[in-house]
Amino acid sequence: MGATVDLTHHFLIAMPGMADPNFANTLTFVCEHSPEGALGVVVNRPIDMTLAALFDQIDVPQPSPALRDSPVMFGGPVQVDRGFVLHRPLGNWQSTLAVSDDIGLTTSKDILEAVARGEGPQSILVTLGYAGWSAGQLERELAANAWLTVAADPEVVFDTPVERRLPAAVRLLGIDPSQLSEDAGHA
């Protein structure tokens, strides 16, 4: 196989022909990509839960009124009973994967307790579950035209309404989202 590509801090844009229902019409933020595999969170599939309901469920005081109605996302099909917080700035939490100098993925409850106190990160996106790929799996999916990739823009994740995130990421490639075809790469 050729040179390895590190897609950490990139978006995976599901192609229109994506057969896996977990990922059809999704935008996934890749938090870690190495020869051992990849980990990411879907950032555009809200579930029927708000941060207020999640905080009640895990016995954390309510966040500010501005955050209470924020949707919790389906982050992927792995560990769907576990919360993951994508955030900026990075901060100093008990269990954080540094995605970049400014963005982290935290799995410890201390970050949500800080959010409840008004001391949390400036921007957060909370998911239940994550997307995971074994060694070489993501590369095979890319070779099969399952995904488009582009360097992630944090503004798309944190400042763009959920329903506009996927088209916004496609536009980062200079492509009109309506021009994507299920037949990409086929003559």
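Reply: This is a predicted model. Just after helix α6, Gly174 adopts a positive phi of about 80°.

Me: Which residues of helix α6 (residues 162-172) are buried?

Reply: Buried means under 20% relative accessible area. In α6, this applies to Val162, Arg165, Leu166, Ala168, Ala169 and Val170.

Me: How many aromatic pairs does a search of the whole structure find?

Reply: Rings pair if their centres lie within 6.5 Å, and planes over 60 degrees apart count as edge-to-face. The search of the whole structure finds 5 aromatic pairs. In one of them, the ring centres of Phe23 and Trp147 are 5.6 Å apart and the planes stand at 70°, so this pair is edge-to-face.

Me: Where do Phe23 and Trp147 lie?

Reply: Phe23 belongs to the loop between β1 (10-14) and β2 (27-34), while Trp147 is in strand β10 (residues 147-151); the pair therefore ties together parts that are 124 residues apart in sequence. Phe23 and Trp147 are both buried.

Me: What geometry does the aromatic pair of Phe84 and Tyr130 have?

Reply: The pair of Phe84 and Tyr130 is edge-to-face, with 5.2 Å centre to centre and 65° between the planes. Phe84 lies in strand β6 (residues 78-88) and Tyr130 in strand β9 (residues 123-134), so parts that are 46 residues apart in sequence are tied together by this pair. Phe84 and Tyr130 are buried.

Me: Which residues do ring pairs link into a cluster?

Reply: The cluster linked by ring pairs consists of Phe23, Trp133 and Trp147.

Technical notes
Residues are numbered from 1 along each chain as its sequence is written. This is a predicted model: local features need pLDDT of at least 70, side-chain atom pairs count only at pLDDT 80 or more; totals for chains, interfaces and linings use all residues. Side-chain values use heavy atoms; hydrogens and water are left out. Rings of Phe, Tyr and Trp (its six-membered ring) pair if their centres lie within 6.5 Å; planes under 30 degrees apart count as stacked, over 60 as edge-to-face and the rest as tilted. Helices (H or I, at least four residues) and strands (E, at least two) are DSSP runs, numbered from the N terminus. Buried means under 20% relative accessible area, exposed over 50%, partly exposed in between (1.4 Å probe, protein chains only).
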